[in-house]
Amino acid sequence: MWTCPLLAQRFARLDALLTATAPWWQTQPYHHTRLCFADEAPALAEALLAMDDEEVLRLDGDGAALCDFLSPWIPQGHELHALAVLPPLRGEPPEVDAFLARHTPGRKWSQILAFTGALPQHEGPWLEWCAGKGHLGRLVSLTRHQSVTSLEWQTALCEEGRLLAERDGAHQRFVQGDAFTAPAADLITPAHHALALHACGELHTTLIEQVARRGAHGVTLSPCCYHLIRGEHYRPLSRAGRESALRLGKSDLRLPLQETVTAGARVRRLREQEVVWRLGFDSLQRAVRAVDAYLPVPNTQKSLFNGSFSDFCRWAAGLRGVTLPDRIDEAHWLSVGQARAALVLRMELVRHLFRRPLEMWLVLDRALRLEEEGYGVEIGEFCDRPLTPRNILIRAVRR
């Protein structure tokens with residue numbers, strides 16, 4: 001496990017390397033109709049264009065091979081990846097009756113078991129943040145024999161969780177509330193150890209700040225969805241983060257989340273289709289508007305991609321106020337979308353060298369904030385990445 005001052009040293013070196021290499025990863029491939037580094041690195045562009053998609057995907061799944069491939073242009077790759085390697089931070093997952101896992105997807109239940117096994121010893125109450133149905137809190141109450149308060153925004157989930165706790169005899173109280181409000185923060189006392197498994201974005205950074213402010217016993221969390229912030233740019237938590245020259249926007253914060261080792265074949269095919277359709281529409285709107293600029297289209301329900309490409313284009317055009325011709329040459333614009341998707345795949349391959357190092361920078365920023373407030377902090381992996389790529393655990397206990 002990593003502990004301070006090793007955390008600060010790692011952060012400083014990661015910060016220097018990420019700042020020096022920022023032009024490689026602070027790009028937005030969807031905005032480009034050619035490889036964005038073609039002029040600066042023509043040999044790299046040539047090498048990538050000579051690969052077939054299968055070879056690109058193979059490299060994408062092999063970090064060491066990707067570092068080797070990119071080393072003529074990005075010699076910092078191997079050091080970045082070495083700095084992002086974490087040791088396991090695990091205990092023995094509790095052995096419990098399989099009946100408890102009912103109403104919980106198998107992969108999620110395995111994550112909960114692993115997370116629970118990594119919790120520190122604590123003789124006192126626990127607080128589950130953004131609890132959902134409170135599966136984690138219920139397991140903690142039953143295995144640690146302590147009371148758990150579970151905070152959740154959705155009333156229906158609170159009620160379902162309450163019934164499950166009652167069914168299993170857990171000492172678990174549900175509180176319906178908004179994690180960003182003062183009443184939610186008031187739930188945290190010096191006696192509490194707080195829990196958050198994959199609380200998104202500012203939900204978990206708010207927890208960190210409130211734990212520090214109220215002097216809680218400690219907090220154990222696994223961060224997720226770094227891009228879900230209320231502003232357009234990331235606001236570092238730690239002093240070292242605020243002193244950094246890096247300025248991270250939402251598109252940068254999405255980069256660590258592009259590793260999806262758990263998606264099935266159908267999900268991957270649908271994702272590939274969505275990319276082609278979005279890029280095909282983007283090229284169409286550039287031609288129609290005579291403006292060579294990317295026009296973002298918001299996320300939508302995946303069912304939209306069960307229809308026709310023309311229907312998707314008209315939906316997107318309606319949202320962005322673009323007038324399309326009566327007839328859309330589907331074959332042409334889909335072909336253009338496929339060609340651009342191949343380019344995006346290759347640009348993203350270069351950016352993916354920085355996925356885990358950037359996530360480590362963000363995790364260390366959180367860990368250092370807690371260390372500044374007098375907590376002993378450890379970070380490590382609470383489970384293997386095939387179970388979830390968001391497998392980093394921050395464990396902090398007041399000194």
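The tour begins with the whole chain and then goes on to single residues and pairs.

**The whole chain**

Keep in mind throughout that this is a predicted model. Colour the chain by secondary structure, and you can look for 17 helices and eight strands. If you turn the model along its principal axes, the C-alpha atoms fill a box of roughly 65 × 45 × 35 Å. For 399 residues, a compact globule would have a radius of gyration near 21 Å, and the value of 23 Å for this chain agrees with that. Buried residues make up 52% of the 399 residues, where buried means under 20% relative accessible area.

**Two residues with positive phi**

Most residues other than glycine have a negative phi. Now select C130, which is not a glycine and yet has a positive phi of about 55°. You will find C130 in the loop between β2 (126-128) and α8 (135-144), and C130 counts as partly exposed because its relative accessibility is 27%.

Next select A290, another residue other than glycine with a positive phi, in this case near 55°. The place of A290 is in the loop between α14 and α15 (309-320), and with a relative accessible area of 69% A290 is exposed.

**A positive patch**

Select R266, R268, R269 and R271 together, and show their side chains, for these residues form a positive surface patch. Within this group, R268 belongs to helix α14, which covers residues 265-289, and R268 is partly exposed at a relative accessible area of 40%.

**A salt bridge between two parts of the chain**

Side chains of opposite charge can pair when their charged atoms come close. A search of the whole structure finds 29 salt bridges, and the next selection is one of them, the pair R230 and E202, whose closest N and O atoms are 2.6 Å apart. R230 sits in the loop between β6 (218-224) and α12 (239-243), while E202 is in helix α11 (residues 202-214), so this pair ties together parts that are 28 residues apart in sequence. Are the two partners buried or exposed? R230 is exposed, with a relative accessible area of 59%, whereas E202 is buried, with a relative accessible area of 9%.

**Along helix α17**

Select residues 355-372, which make up helix α17, and look for R355 in this helix. R355 counts as buried because its relative accessibility is 9%.

Move on to R356 and E359, whose side chains meet in a salt bridge with an N to O distance of 3.3 Å. Both residues lie in helix α17, three residues apart, which is about one turn of the helix, and both R356 and E359 are buried.

Finally, select R369 and E372, where the side chains meet in a salt bridge of 3.8 Å from N to O. This pair also lies in helix α17, with three residues, or about one turn of the helix, between one position and the other. R369 is buried at a relative accessible area of 14%, while E372 counts as partly exposed at 22%.

Definitions and conventions
Residues numbered from 1 in each chain as written. Predicted model: local features only at pLDDT ≥ 70, side-chain atom pairs only at ≥ 80, totals over all residues. Heavy atoms only, no water. Patch = residues over 30% accessible without salt bridge, like charges linked within 9 Å, V, L, I, M, F, W, Y side chains within 5 Å. Areas by Shrake-Rupley, 256 points an atom, 1.4 Å probe, with all protein chains shown as cover. Salt bridge = Lys/Arg side-chain N within 4 Å of Asp/Glu carboxyl O. Lys, Arg positive; Asp, Glu negative; His and termini not counted. Charge placed at Lys NZ, Arg CZ, Asp CG, Glu CD. Helix = DSSP H or I, 4+ residues; strand = E, 2+ residues; numbered from the N terminus. Buried < 20%, exposed > 50% of the residue type's maximum accessible area, 1.4 Å probe, protein only. Rg over C-alpha atoms; globule rule 2.2 N^0.38 Å.
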